[in-house]
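The following questions and answers concern the structure shown below. Please consult the sequence and the model while reading.

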Amino acid sequence: MLMPWLLSGLGLVILLFAGDALVKGAVNLSLRLGVPALIVSLTIVAFGTSAPELLISVKAILDGVPGLALGNVVGSNTANILMVLGIPALLATMHTSECSTRKTYNQMIAASLLFIALAFRGVFDWISGLILLSGLAYMLYDAFGDAKDHRRACRSGEVEEEEEPEGADPDMAGWQIALFLILGLIGLPLGASLLVDNATLIAQTYGVSDTVIGLTLVAVGTSLPELATTVMAALRRQADVALGNVIGSNMFNLLAIIGIASLVGPISVDEAFLRIDLWVMLGASLLLIPFVYLGRDITRLWGVALSALYGLYLFIILI
């Protein structure tokens, strides 16, 4: 029974490295072709970093285990707040009182409420998918407008120039770009196949649902990149990066991943989601109110509380 666990871990590792390779290759190819860094940041990087979750969800639907797809997204959003913000806060206080994230936070709450409302239809079908993708289109349009205003301010000297998008390397050779793209395009479906197939086998062996595996094993695994990014941001005292990373990832999970996946096939909503998991996700999101609106820092005490809440949540759904 050890082999499915090892293969699931291998699939996860392949997914993480393949997603990173695809982002690097796509970013540098786009910049080489003259696509503005602004567009690259808002589209290619955002989609590329969510590629592992998207591939897992699509593969799960094609394999007839849609609960794993939904569990992955809902579980990842809960993990992003309780685990991804909680663990780094144990290492260093995150000075979120200095951040201005109210607008994006409001958008995340709106996306969460829209997602929950659609879930009560009992299924995420193509209609739900189009509604979620419309919300994504609005979010990207709004972000694009904000980014243009920021660039205009940079040019006028009002604010500092923005950084290059993640993965950008002006000195990267053409063969390296091609290699990154090939590794990403091959590795993503391979990793998704390994993880989904073996996670499903684990669920069947232990008699738990694919939904529970999605909420735990897969959700925690696909939240590891966000955790690594947030830990580094906390240590560098870049609280805006840490909080923005979590809020942006959660919005993208709800609107893009389930929006696209539901066009591939219908995703039925388990009754347990409507009773517990969706409300845990929303409750975790509302826990950010003191940091977004009341000017509180995420101290070590908050880190203990958030991490403990996530541990309790995992304990409850596993038993």
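Q: Is phenylalanine 291 buried or exposed?

A: This is a predicted model, in which local features need pLDDT of at least 70, side-chain atom pairs count only at pLDDT 80 or more, and totals for chains, interfaces and linings use all residues. Residues are numbered from 1 along each chain as its sequence is written, and side-chain values use heavy atoms, with hydrogens and water left out. Buried means under 20% relative accessible area, exposed over 50% and partly exposed in between (1.4 Å probe, protein chains only). Because its relative accessibility is 1%, phenylalanine 291 counts as buried.

Q: How many aromatic pairs does a search of the whole structure find?

A: Rings of Phe, Tyr and Trp (its six-membered ring) pair if their centres lie within 6.5 Å; planes under 30 degrees apart count as stacked, over 60 as edge-to-face and the rest as tilted. In the whole structure, the number of such pairs found is six.

Q: Which kind of aromatic pair do phenylalanine 291 and tryptophan 302 form?

A: The centres of these two rings are 4.9 Å apart. The angle between the planes is 80 degrees, and the pair is edge-to-face.

Q: Which kind of pair do tyrosine 310 and tyrosine 313 form?

A: Both residues lie in helix H14, three residues apart; helices (H or I, at least four residues) are DSSP runs, numbered from the N terminus. The ring centres are 6.3 Å apart and the planes stand at 40 degrees, so the pair is tilted.

Q: At what relative accessibility does tyrosine 310 count as buried?

A: Tyrosine 313 counts as buried at 6% relative accessibility. For tyrosine 310, which also counts as buried, the value is 4%.

Methods: Helix = DSSP H or I, 4+ residues; strand = E, 2+ residues; numbered from the N terminus.
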